[in-house]
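This report walks through the side-chain contacts of one protein chain for a reader who is meeting the structure for the first time. Please keep the sequence and the model in view while reading.

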Amino acid sequence: QVQLVESGGGLVQAGGSLRISCVFSLRPFTNYHMGWFRQAPGKEREFVAGINWSGASTKYADSVQGRFTISRDNAEKTLWLQMNSLKPEDTAVYSCAADLFPRNFYPTANANEWDYWGQGTQVTVSS
């Protein structure tokens, strides 16, 4: 059964912090990458951050590097995105995703290579 469920979104002021979560169930797959993407109104979906199975490899979009941190706990089947120093341009629907057949050690920013997606959680940053 494959399931990805996000939570933790909300409204926050610019400069604030927020942590969003994704509980995943991806049996019978193993060794998959997990990631976060976001989509703002009128814009294309964009890669935010990715993490490999062990957590040893992470990748971030330039726009969030140094402000966001991705992490995962495979035993708890949970993925997190800690977002600090939030900006109004971070406002979007954030979705977690799973790359079940990763081609590389490092997560990919190419959305077409990700296999499953959650419904998303809204993050709104006010100025």
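Is Cys 96 buried or exposed? Cys 96 is buried, with a relative accessible area of 0%, where buried means under 20% relative accessible area, exposed means over 50%, and partly exposed lies in between, as computed with a 1.4 Å probe on protein chains only. The model is predicted, so local features need pLDDT of at least 70 and side-chain atom pairs count only at pLDDT 80 or more, whereas totals for chains, interfaces and linings use all residues. Residues are numbered from 1 along each chain as its sequence is written, and side-chain values use heavy atoms, with hydrogens and water left out.

**The disulfide**

A disulfide is a covalent bond between the sulfur atoms of two cysteines. Taking a disulfide as a pair of cysteine sulfur atoms within 2.5 Å, the count comes to 1. The bond is formed by Cys 22 and Cys 96, whose sulfur atoms are 2.1 Å apart. Because the torsion about the S-S bond of Cys 22 and Cys 96 is about 45°, this disulfide is right-handed. Cys 22 lies in strand E3 (residues 18–26) and Cys 96 in strand E9, so the pair ties together parts that are 74 residues apart in sequence. Strands (E, at least two residues) and helices (H or I, at least four) are DSSP runs, numbered from the N terminus. Like Cys 96, Cys 22 is buried, with a relative accessible area of 0%.

**The aromatic pairs**

A pair of aromatic rings is described by the distance of the centres and the angle of the planes. Rings of Phe, Tyr and Trp (its six-membered ring) pair if their centres lie within 6.5 Å, and planes under 30 degrees apart count as stacked, over 60 as edge-to-face and the rest as tilted. By this rule the structure has 7 aromatic pairs.

Trp 117 is partly exposed, with a relative accessible area of 26%. Phe 37, Phe 47, Trp 114 and Trp 117 form one aromatic cluster. The charged end of Arg 45 sits over the ring of Trp 117, 3.7 Å from its centre, a contact that requires NZ of Lys or CZ of Arg within 6 Å of the ring centre and within 35 degrees of the ring normal.

**The salt bridges**

Side chains of opposite charge can pair when their charged atoms come close. A salt bridge is a side-chain nitrogen of Lys or Arg within 4 Å of a carboxyl oxygen of Asp or Glu, and the structure holds 4 of them, including those in the table.

| Salt bridge | Closest N and O atoms |
|---|---|
| Glu 46 and Arg 38 | 2.6 Å apart |
| Arg 38 and Asp 90 | 2.9 Å apart |
| Arg 67 and Asp 90 | 2.8 Å apart |

Salt bridges that share partners join Arg 38, Glu 46, Arg 67 and Asp 90 into one network. Glu 46, by contrast, counts as partly exposed at 34% relative accessibility.
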